[in-house]
Amino acid sequence: ITQNFFFMNRDASFSLDLFHTRFESQLVADFEDKDFLVFSNLNGLSYSTAVQAEVNLIPLKRFELKSSVKYYDVRVTYSGELKRKPMVPLFRALINMSYKSKA
């Protein structure tokens, strides 16, 4: 979903994205035992859900501001139990500022 609008009489936009993926075949790295790292084929459910919101603004002439935040819910079955996948952050954020010179 994208909505264009005006901010301080300049073009701006807001977008919202939603993704959901179900995995049928996946190589799973099991970190449950601190002494061993076990790789195996997925035996159970695994899915990823991501929601991202993004805002693009031009608050000043030739100055552009982009910011976004993303939420990840990634789950994998370990030893018969559906758990959050390790080393995948719940939230990610980005801020990008750019300035275009006259030349």
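**Strands and salt bridges in a predicted model**

Lys66 is partly exposed, its relative accessible area being 34%. The model is predicted, and a search through the whole structure finds two salt bridges, one of which joins the side chains of Lys66 and Glu64.

**Charged pairs**

- The side chains of Glu64 and Lys66 meet at 3.9 Å, taken from N to O, and Glu64 counts as partly exposed because its relative accessibility is 30%.
- In the salt bridge between Arg75 and Asp73 the distance from N to O is 2.7 Å; Arg75 is partly exposed at 25% relative accessibility, whereas Asp73 is buried, with a relative accessible area of 12%.

**Strand pairing**

- Strand β5 (residues 46-60) is joined to strand β6 (residues 63-78) by 13 bridges, and the two run antiparallel; within this pairing, Ser48 has Val74 in β6 as its bridge partner.
- Together β5 and β6 form a hairpin with two residues between them, and Arg62, which lies in the turn, has a positive phi of about 70 degrees.
- Strand β5 also pairs with β2 in the antiparallel sense, over ten bridges, and here Phe14 stands opposite Val55 in β5.

**Around Ser13**

- Ser13 belongs to strand β2, which covers residues 10-22, and Ser13 is buried because its relative accessible area of 14% is under 20%.
- Leaving aside residues up to four places away in sequence, Ser13 touches Gln3, Asn4 and Phe5, as well as Glu54, Val55 and Asn56.

Key:
Residues numbered from 1 in each chain as written. Predicted model: local features only at pLDDT ≥ 70, side-chain atom pairs only at ≥ 80, totals over all residues. Heavy atoms only, no water. Helix = DSSP H or I, 4+ residues; strand = E, 2+ residues; numbered from the N terminus. Buried < 20%, exposed > 50% of the residue type's maximum accessible area, 1.4 Å probe, protein only. Contact = heavy atoms within 4.5 Å. Pairing = 2+ DSSP bridges. Salt bridge = Lys/Arg side-chain N within 4 Å of Asp/Glu carboxyl O.
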